[in-house]
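Hello,

Here is the structure I promised to hand over. Please have a look, then read my notes below.

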Amino acid sequence: MDGTPKKHTSIIWSSWSMNEERRGVLRKSLESLIETAKDTEIFIVDNGEDLEDSKWFLEKTHNKEIACYIRNRHNLHFGMARNQGLKMATGEYIVISDNDIIFEDGWLEECIEFLEKHEGKYLATPMNVDRAHTHPKYFQGECDGWKLNMRAGSNIFVMRRSDFEQIGYFRIHRIAGTKFTDTYVKMGYLMACMPEPKCSDMGFTRGYDLGKEIEHLEL
């Protein structure tokens, strides 16, 4: 690997501050993404809540550290936010990421290398299997040391554009990530989890009601 992605890559990084703690995490996340994913097309989709975050994102755009910044006036939920970025993405590879991931050098190159080497129905994540999806029923063996799982990796993953075109966009639903996973699993896809993770999930659930209905469905 020469330190740069082998193929042009689009990264959709969606954000919603929620609280002060989360605000600090998202800034660390984006800085680490910019540092470790050079020569990529980064889209920030901001679901609002914080004017200072918006100013910071605009500065990143002005400094050409990211390709595009989209700011919604309401929280449209992450499914809609991801779709907004997907509609603009031009890469041969597409990355979907939450705003609470801390990235390490080589995460993108290794995911792309795996997908280029293996032509099967795979998505790739630089995370290992998360605690919520360690149940044996989700495991589907290994491929070159990567653990194959039916449910892991929804907070950060890489996919080929051709596979995205088969799977389609996210549903506008309060559990949009789960619905997206259900779709690709039914189509025979599996998530390949990196043997030695090169990302850390710094997510917090405090203050976020996963059962709450989506309030805003229009811009």
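**Cores, a helix and a cavity**

Leucine 33 touches Ile11, Trp13, Ile42, Phe103 and Trp107, leaving aside residues up to four places away in sequence. Please keep in mind that this is a predicted model.

Leu33 belongs to the largest nonpolar core, which has 35 residues. Together with Leu30, Phe57, Trp107, Phe114 and Val158, Leu33 touches the most other members. The largest share of this core, 6 residues, comes from H4.

Next, helix H1. It covers residues 20-36, 17 residues in total. At 1.5 Å a residue H1 should span 24 Å, and its end C-alpha atoms are 25 Å apart, which agrees. Leu30 and Leu33 are among the buried residues of H1. Others include Arg22, Arg23, Val25, Leu26 and Ile34. What do the buried residues of H1 pack against? The partners are strand S1 (9-15), strand S2 (41-46), helix H2 (51-62), strand S5 (101-103) and helix H4 (107-117).

The volume of the largest cavity is about 30 Å³. Arg82, Ser154, Phe157, Phe170, Gly177, Phe180, Thr181, Tyr184 and Met191 line it. Helix H6 (residues 176-186) gives the largest share of this lining, 4 residues. By class, the lining has 5 nonpolar, 3 polar and 1 charged residues.

Best wishes

Conventions: Residues numbered from 1 in each chain as written. Predicted model: local features only at pLDDT ≥ 70, side-chain atom pairs only at ≥ 80, totals over all residues. Heavy atoms only, no water. 1 Å grid on protein atoms, 1.4 Å probe; cavity = no way out; pocket = protein on both sides within 12 Å on 5 of 7 lines; lining within 4 Å. Points joined across faces, edges and corners; volume = space filled by probe spheres on them. Helix = DSSP H or I, 4+ residues; strand = E, 2+ residues; numbered from the N terminus. Nonpolar A, V, L, I, M, F, W, Y, C, P; charged D, E, K, R; others polar. Expected span 1.5 Å × (residues − 1). Buried < 20%, exposed > 50% of the residue type's maximum accessible area, 1.4 Å probe, protein only. Contact = heavy atoms within 4.5 Å. Core = buried A, V, L, I, M, F, W, Y, C linked by side-chain atoms within 4.5 Å.
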